[in-house]
Amino acid sequence: MTDTTLTPSIAASTALKWLRLWHGASIPEATDLDVLRRMLPETPYGKGVREIKAPMPLDISSFEGSLVRNPEDPTEWGIFYKEHATPERSRFTIAHELGHFILHRALQSIFECDNGGVTSGQFDGRHIEREANEFASNLLMPMDLLRRFLGDQRKVTLHLLSDIARTFEVSFEALCLRFIEATDQRAILIHWDQGFLKYQRPSRNARMTRAWVRQTESAQEPFAGTLAADASVVQCFDGVECSAAIWCAEEDAHMKLREFKHSYTDRDRVITLLLLEGAEPRDWDDSWKDEHVPDASDQFRATAQHPVR
């Protein structure tokens, strides 16, 4: 990074403070990226830069976004994003490129980001992509606002998460992943692609109690008797109660969970959210602390759709 003491979360938090001071009482709930872009050259994060040009669309295969320094004027930078991306996707990409500007521009003059970088940089070894994603997630979905919008987390439904995603102008899946980071509940988010498990993301308290979705085969399909396995149920935003042991083998027989389901328009992708009853952390087993679980920014999806109800 440009400054080894500057983390993505600190950079995003500082940028949000500047935006809140700039807007005053009229600050919008969705982060104003255009104001931030114009503001940055006048801040410590924009030292030596005169201008960041307004983002422009590009129609190039496999292209998601880029940050480029003008070769004829090193004080000028520009941002490009995928032309036909959804508004939510474009916002995340622009926030991602602003993350590169703040954190990494001393390292190189051109940042070219493909889908792999902007959606799952943490898995491909490109640490600067992971950092830019983390910055974008913190910037677009501030934790203090998210927790205020969530209110009583025992009453969380997909209706509420969808509404918050619209408020922040981010994708539904990105918001759900951010919820997993924010919640103090035992929660697990699952993504099914073409009928098979793509990933599962447990919350911190779920990991502490060893609550994981059991995998019985390498290409895991939804378990019989669950909403995820029922093709006749396309959406279930209010959730249904079932035995936690159906999903998590180590759960006691009396433990319950609430299962929610969202299917995307083509039904090839399904999101499952599991909210489990509370349980005491297993103090004798702290191996969960060593397990890496990517955050919301790591799995932001290219389609960036809101739920269709």
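Before we look at the first pair of helices, let me say that axes here are lines fitted to C-alpha atoms, for helices over the stretch in contact, and that angles run from 0 to 180 degrees between N-to-C directions. Please also keep in mind throughout that what we have on the screen is a predicted model.

With that in hand, consider helix 6, residues 143–150, and helix 8, residues 172–182, which pack at an angle of about 90 degrees with their axes 11 Å apart. An angle from 65 to 115 degrees counts as roughly perpendicular, and that makes helix 6 roughly perpendicular to helix 8. On the side of helix 6 the contact is made by Met 143, Leu 146, Arg 147 and Leu 150, while helix 8 contributes Leu 175, Arg 178, Phe 179, Glu 181 and Ala 182.

Let me step back to the whole chain, which has 9 helices and 10 strands and in which buried residues make up 51% of the 309 residues. Among the contacts between residues at least 6 apart in sequence, 64% join residues at least 24 apart.

Now to the sheet, where 5 strands form an open arrangement in the order 7-6-10-9-8, with antiparallel pairing. Its edges are strand 7, residues 196–202, and strand 8, each of which pairs on one side only, and neighbouring strands are turned by 20 degrees against each other on average, direction ignored. Within this order, strand 6, residues 186–193, and strand 10, residues 269–276, pair in the antiparallel sense over 8 bridges, and there Ile 188 stands opposite Leu 274 of strand 10. Helix 7, in turn, lies across strand 8, strand 9 and strand 10, and runs at about 140 degrees to strand 8.

Finally, I would like to point out two backbone details. Most residues other than glycine have a negative phi. Glu 169, however, has a phi near 60 degrees, a positive value, and this residue lies in the loop between helix 7 and helix 8. Arg 210 likewise has a positive phi near 60 degrees, and its place is in the loop between helix 9 and strand 8. Are these two residues buried or exposed, or something in between? Glu 169 is partly exposed, with a relative accessible area of 38%, whereas Arg 210, at 16%, is buried.

Methods
Residues are numbered from 1 along each chain as its sequence is written. This is a predicted model: local features need pLDDT of at least 70, side-chain atom pairs count only at pLDDT 80 or more; totals for chains, interfaces and linings use all residues. Side-chain values use heavy atoms; hydrogens and water are left out. Helices (H or I, at least four residues) and strands (E, at least two) are DSSP runs, numbered from the N terminus. Angles under 35 degrees count as roughly parallel, over 145 as roughly antiparallel, 65 to 115 as roughly perpendicular and the rest as oblique. Contact means heavy atoms within 4.5 Å. Buried means under 20% relative accessible area, exposed over 50%, partly exposed in between (1.4 Å probe, protein chains only). Two strands pair if DSSP finds at least two bridges between them.
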